[in-house]
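Let's take a walk through this one together. Have the sequence and the 3D view side by side, and follow along.

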Amino acid sequence: MLELHNIDMFFGGIAALHDIKFRVDDGSLTGIIGPNGAGKTTIFNIITGVYTPTAGSVIFNGYDITNMKAYQINRLGIARTFQNLRLFARSSVLENVMTAAQNRYVNSYREEIFSGNMTQKISPNLSSWYSFVESCLHLGRWSRIEKTLKFSSMQLLERVGLHDRANQAAGTLPYGMQRRLEIARALALEPKLLLLDEPAAGMNPEEVFELNDLITGIHKDFNLTVLVIEHHMDLIMKICPRIICLNFGAKIAEGTSEEIHNNPEVLEAYLGG
Amino acid sequence: MQFTISTLFQQIINGLSLGSVYALIAVGYSLVYSILLFSNFAHGGFLVVGGYACYYLLTQWGYGVVISMTGALLASGITAVLTEFSAYKPIRERTPITLYLLIASMGVNIIIENLFVVTVGGRVKALPQNTFPTGVFNLAGGVTMSASDIISLVTAVVFLGLLQLFLSKTRWGLAIRAAACDIRTAGLMGINVAFLISLVFFVAGILAAVGGIFLSVRYSLYPQLGSITTKAFIAAVIGGLGSLPGAVVGSLILGLAEMLTAGFISSQMRDLVVYSLLVIMLLIRPAGFFGKKINDKI
Amino acid sequence: MKRNIILILIGLALALWPLGGYQEGIIILMCINCVAAMGVSILTGFTGIFTLGHAAYMALGAYTAAILTVRYGISVFPSILAGGFMAILVAWLIGLPTLKLTGDYYAIASLGLCEAIRLILENWQSFTRGSRGFPGIEPYTTRGFAVTIFIFLAIITFNFLESRLGRELKASRDDGVAASLMGFDTHKSKMKALVISAFYCGISGALLGGYMGFIQPSMFDMMKSTELTAVVVFGGLGSLSGTILGSAAITLIMEYFRDISQYRMLIYGLLLVIIMVFRPEGLLGSREIWDLKMGVKK
């Protein structure tokens, strides 16, 4: 599903990542761990097109996405959450999800992209959507499509337990709920690959426990491939069958949680460093 | 208009002199932009404060040129710091959205401009004739250079040189450069950010006042004089927003373009040329000559 | 639906209430200002892009409509539309390079644009009659016409903000990076907002010409641009009903205080700073007026 080949990333003269390579299999749930500053978020930024790597390539479903723009990569079916929450703070909770959900219409088109050739422009398929004129007058397909959109968005909110907060401004939610809203928003895009950037940050133990269930649940129910960043080992160890460990911008270990747990280099990075 | 080599040289000299005044204003504006990442539209107001302070110190209180100018610089610098304290700081503490700072700065500019309109009136004032030496030097081939041209060029070079020294040699200069890279990290490294920002505004205010005094010598003094800052803003954009060398280069280009247009086409066209230059620059190199790419922290 | 009916009732009241000529004029002016303010609101309030030059688009609309009707005898309605499209064209050209960049590039460019358009209108004597102004425009902006266009545009704007495009604009306002990672081409989103807002201002300018019967470049200066932005901030960034209320209120207040007009800009400036410091969300915040009694927290 996703392959990173020999990724190097320099900021100025400083190497943030060096020679990173790994594969993520279709349908897997993979964890990325490492101390602060190990380059975990940078990997997500490269996959999602926020940064272009200095060297190396990113292959998604057999296509090179290294130099694509962020919005194009997203349209191929990669969604993410953010370590330092990036909700649309002044829009309502429901609007946040709807904003993402309205972009899912590219899904039908996505299949064409993968079956055909990548050289064609990645642009949304508009035929099934209401036009600008319809949205100005609230006529035609507008009410039916908006209703469906609202309905499916509410379902997602229910899934993450935020349906009774739908009309509140997203920025006013408590921290843990904002994290869950980010997950709902990413799911609304109906991605194939979901990247979760420290989903447990700032949560209390009870919330982390619920989050465990949520992540394993959506992984199964939505038929997703999931990549999770955490620097708390416990969460990852519990839910991820496969784990990649980074330190100082390089991959130092990869394997099952058992293997990682007993790897001397990993222990050194966490305890000795 | 006829093309002659002497007109060419004459206009180049005039252009550099005008450009140096723009540079003083643009550098102050860029300095603030580089730290806080918002366009401080009140910069034009600071300039007007400087101009009027100098005028009243000279005419009403009869101080000498040196004291009047120093007073003007202080007045402007203090206005800038006061603006920061009363308007910008409370907004920054509440929200990271720079749009609010932008709007507030526009408000401050309107307040300053119109305070002068309602108190001293909108009429044009001129600094006294003897403020600066008025001699004219004849260079080769009929090219002349007025004393005020020389003074404005020299002053600009001195002030920009001092700024450069301050930024590169002193501890606070280093701190300012660090803050321009990343103000949050600078704060975490133990730099007193609140003081640093006030310092930056003070320096920007001083530079604006110097620019304001020269502008009022050149064009006379009126409450809307600050609108000339638009050109300094444009110069800063041409050079690359937030870059100090960019601001200087952009200003000199603008000054030259304006004076060459005035000399060879028509002086009515000079402003139009400035704006066309902005549009052309935005089309071919939108981030300017020295524009830095701003990476969002994710 | 309920909202549309209320808006239409307000429209009918505004259009049919028996009033004297003076009050009628105020209503026309209010409608014209509201149309322009709605345009700026879409850009600044809903997309988060600051502008200091939207009077330029009003000027383009006004002059295009005036020249088409007076010089070429084209009928009123297509001429007004042409005015709107003229504004779109220029906005598109300016937005293409500047909206790609993070930072205040569009704000500065809009400042330059406003001055440039004014200068062109002043200097292109043969076509625009320069700064003396362009007289003899047919008084096509009657009360009924102005109210109809205002209410129609208001309904449309409320509607499209409450659909796909509205959410797209708000997403790029609240967090551009997140928006692009949700599959939005944020440059395109911003372009859409700019082009639509320019269209509204173009229409508003064309209506102003038809009301005054005479237009002049100085009617569309920085002051006017500032006023438009100020009104939107006053009403609440991200609230269309706030914008409309704010614009209507300020038109009335300014009309009432005509005699102390020299204080008008001073009041604007103070208002802007005070709102930004104490209540940056403006009159209504990002709520619409009917959200108030429902107690929706935003």
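**Starting from a helix in chain A**

The buried residues of H7(A) are A:Gln178, A:Arg179, A:Arg180, A:Leu181, A:Glu182, A:Ile183, A:Ala184, A:Arg185, A:Ala186, A:Leu187 and A:Ala188. "Buried" here means that 20 or more other C-beta atoms lie within 10 Å of a residue's own; 12 or fewer makes it exposed, anything in between partly exposed, and the C-beta atoms are placed from the backbone. Helices (H or I, at least four residues) and strands (E, at least two) are DSSP runs numbered from the N terminus. Before going on, note that this is a predicted model, where local features need pLDDT of at least 70 and side-chain atom pairs count only at pLDDT 80 or more, while totals for chains, interfaces and linings use all residues. Residues are numbered from 1 along each chain as its sequence is written, and chains are lettered from A and ligands numbered from 1 in the order in which they are written.

Back to H7(A): eleven of its 14 residues are buried, so the helix is largely enclosed by the rest of the structure. What do those buried residues pack against? They sit against strand S6 (78–80), H3, H6, S7 and helix H8 (205–221) of chain A, with contact meaning that two C-beta atoms, placed from the backbone, lie within 7 Å. From first C-alpha to last, H7(A) reaches 20 Å, close to the 20 Å expected at 1.5 Å a residue (the expected span is 1.5 Å times one less than the number of residues).

You'll find A:Glu190 in the loop between helix H7 (175–188) and strand S7 (193–197) of chain A, and A:Glu190 is buried, with 20 other C-beta atoms within 10 Å. Chain A has another such spot at A:Phe248, where phi is near 45°, again a positive value in a residue other than glycine. A:Phe248 belongs to the loop between strand S9 (242–247) and strand S10 (250–256) of chain A. Is A:Phe248 buried or partly exposed? A:Phe248 is partly exposed, with 16 other C-beta atoms within 10 Å.

Now step across to chain C. The contact takes 32 residues from chain A and 24 residues from chain C. On chain A's side, helix H2 (70–75), helix H3 (93–101), helix H5 (132–137) and helix H6 (142–159) each give two or more residues. By class, that side has 15 nonpolar, eleven polar and six charged residues. For the classes, Ala, Val, Leu, Ile, Met, Phe, Trp, Tyr, Cys and Pro count as nonpolar, Asp, Glu, Lys and Arg as charged, and the others, Gly among them, as polar.

Chain C also meets chain B: 36 residues of chain C are in contact with 38 residues of chain B. Helix H4 (76–98), helix H5 (105–123), helix H11 (222–235) and helix H13 (264–278) of chain C each supply at least two residues of chain C's side. H5(C) brings the largest share, eleven residues. This side of chain C has 24 nonpolar, nine polar and three charged residues.

Helix H3 (residues 54–72) of chain C packs with H5(C) at an angle of about 30°, with their axes 8 Å apart. Axes are lines fitted to C-alpha atoms, for helices over the stretch in contact, and angles run from 0 to 180 degrees between N-to-C directions. That makes H3(C) roughly parallel to H5(C), since angles under 35 degrees count as roughly parallel, over 145 as roughly antiparallel, 65 to 115 as roughly perpendicular and the rest as oblique. H3(C) contributes C:Ala55, C:Ala56, C:Ala59, C:Leu60 and C:Tyr63 to the contact, and H5(C) contributes C:Leu113, C:Cys114, C:Ile117, C:Arg118 and C:Leu121.

Zoom in on C:Ala59: it is buried, with 32 other C-beta atoms within 10 Å. Leaving out residues up to four places away in sequence, C:Ala59 touches C:Ile117, C:Arg118, C:Leu121, C:Gly205, C:Pro217 and C:Phe220.

Last stop, the largest nonpolar core, of 190 residues, in which B:Ala104 and C:Val35 touch the most other members. A nonpolar core is a set of buried Ala, Val, Leu, Ile, Met, Phe, Trp, Tyr and Cys residues joined through C-beta atoms within 7 Å.
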